[in-house]
Structure formats: structure tokens, C-alpha cells
Amino acid sequence: MSSLNLDSLEGLRIFIVKSSTARTVGDFGLKCLAGESGRLDVICSCIIAAFKLRNGIRRNVLFYAVLEGPPRPPITFEIRGWEVHDVPTSEVEVAKVIRDLLNVDTVCDPRYPGYYKYRMSFRDLVLALKSRGVTPVYLHEGGIDIARAFLPKRVAFIIGDHIGLPVEDERFLDKLGVQRVSLGPRIYLSWFCVALINMYLDGLWVV
Ligand SMILES: C[S@@+](CC[C@H](N)C(=O)[O-])C[C@H]1O[C@@H](n2cnc3c(N)ncnc32)[C@H](O)[C@@H]1O
């Protein structure tokens, strides 16, 4: 379960959200999700914001959730909007899907079409996408205003968790020359950044 397995990345809206704390085995309860899962709830709210519409699912979204918390990092989940049957509306239900997938040894699971699991780190994911012609950009409040930034056709938006990206990952992105793009000077929650990007790319947010 170590390599991406996609035929084409054409026309996709790609998000990468990295959690440095989310648990990498499915041993957590769902009642106290935030505390027991190492803030997997942050990832779950991003998944909902990435895919859910009032009456359906955004089929053109490709979402990567990178979990690098204890005890067995890294795990990267790939969620393909064009394959999933459903994305739940509640964080707890999304967390149940992730927990079920953490508890199997396979890349995919017939119960959850469109969800894939790889033993892949954040950095390897970024490099793998780059080698497929995708340009990563790092969402950061101090970056270039999104209205003035050049967004290439094949772009992946990188977003940190409740803590933000670790300094070592920021250095890694800087060394790769990854552009920092800002949604404004205020610091927003991760899921809100996902929603803002979706709105922006929908053309509804005129700046
Ligand atoms: C809750 S914020 C991280 C907060 C962290 N404690 C900090 O002070 O950096 C989660 C992520 O959302 C993104 N983000 C938040 N506000 C943003 C903004 N105004 N523009 C671009 N990205 C933003 C960043 O990727 C950040 O890592």
C-alpha cells in the first residue's frame, strides 16, 4: 500500500490536509472523537467541506488526508469524488469510515468505494503528485493573495491542521519552491479554507 494508483489527474480539484496528531490505528472511540483520535475531527470536517453539497457530492474533488500521528505513521487516505457512493454529513460518521479503514490491512475496502489507504508520508505524497505534473501550493495567511497568485491548471492545495504545518514540512515545501497562497490576513480553521477554495474555484467568490 505504498504508491498512488491514478490513471489521470486531469480537471481535478486536489486538496492535501496534513494532521501531525491524528491516530494511525483505529483504536479510538467516537464519543469523545477530538480527544481520543488526536483531532481526527479536523480532517473529517475538511472532508465534508471538500465534497458535500446540499444535494450531492463534488465529483471532481480528489482529497488526501495525511495522518502522521502515533502509533504507526504515516498513513495517507485518498478519497476520489467520482467513485465514492457517499460522504457522510457528520464528523463522527466520517471518522467511523476512517476508523474502519484503519482497521483493515488492504488499500481499499468494498464497504467504502472511492476510499484508498497508502503507507505514504506527506513529503512522498507531494513529490509523487509533483512527478505527475501537479503543482502544489501551500495555503498560508502570509502568502500571496489568492486573487493575485498564479494558479496553474493542475494544482493541489496544501492545508495544515489545528496546529498548522510543522516547521520541517514548511522548510521542505520552501526548498521545493512551493508558492504560499493567502486567503487573507486572518487565520481560519482548516475546513473553512477548504470551503473558501471550493467557493473561489466555483467562481462565486469575487474579490
Ligand atoms: C487553523 S489553521 C492553523 C493555525 C496554526 N495554529 C497557526 O497559527 O498557523 C489551519 C490551516 O489553515 C490554513 N490557513 C488558515 N488561515 C489561512 C489564510 N488566511 N490563508 C491561507 N491559509 C490559511 C493554513 O494552511 C493552516 O495551516
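In what order do the seven strands of the open sheet stand? They run S6-S5-S4-S1-S8-S7-S9, and the pairing is mixed. Strands here (E, at least two residues) and helices (H or I, at least four residues) are DSSP runs, numbered from the N terminus, and two strands pair if DSSP finds at least two bridges between them. Strand S6 (115–118) and strand S9 (179–182) sit at the edges with a single partner strand each, so one side of each has no neighbour in the sheet. On average, neighbouring strands are turned by 30 degrees against each other, direction ignored. For the angles, axes are lines fitted to C-alpha atoms (for helices, over the stretch in contact), and values run from 0 to 180 degrees between N-to-C directions.

A word on the source: this is a predicted model, in which local features need pLDDT of at least 70 and side-chain atom pairs count only at pLDDT 80 or more, while totals for chains, interfaces and linings use all residues. Residues are numbered from 1 along each chain as its sequence is written, and side-chain values use heavy atoms, with hydrogens and water left out.

Next, strand S8. Five of the five residues of S8 (residues 155–159) are buried, so the strand is largely enclosed by the rest of the structure; buried means under 20% relative accessible area, exposed means over 50%, and partly exposed is in between (1.4 Å probe, protein chains only). In a regular strand the side chains alternate between the two faces of the sheet. In S8, Val155, Phe157 and Ile159 point one way, Ala156 and Ile158 point the other way, and all are buried. Strand S1 (residues 13–19) runs parallel to S8 and is joined to it by four bridges, with Ala156 as the bridge partner of Ile14. Strand S7 (residues 135–145) is also parallel to S8, again over four bridges, and there Tyr138 stands opposite Ile158.

Elsewhere in the sheet, strand S4 (residues 61–67) and strand S5 (residues 75–80) pair in the antiparallel sense over six bridges, and Tyr64 has Glu78 of S5 as its bridge partner. The loop between S4 and S5 holds Pro71 and Pro74. Most peptide bonds are trans, but the one joining Pro70 and Pro71 is cis, with omega about 0 degrees. The bond from Pro73 to Pro74 is cis as well, with omega near -5 degrees.

Now the helices. Helix H2 (residues 40–51) lies across S1, S4 and S5, at about 175 degrees to S4. Helix H6 (residues 190–202) lies across S1, S4, S7 and S8, at about 170 degrees to S1. Arg39 has a positive phi of about 65 degrees although it is not a glycine, and it is partly exposed, with a relative accessible area of 31%.

Helix H4 (residues 122–131) and helix H5 (residues 167–176) have axes that come within 11 Å and cross at roughly 20 degrees. Phe122, Arg123, Val126, Leu127 and Lys130 in H4 meet Glu168, Asp169, Phe172, Leu173 and Leu176 in H5, where contact means heavy atoms within 4.5 Å.
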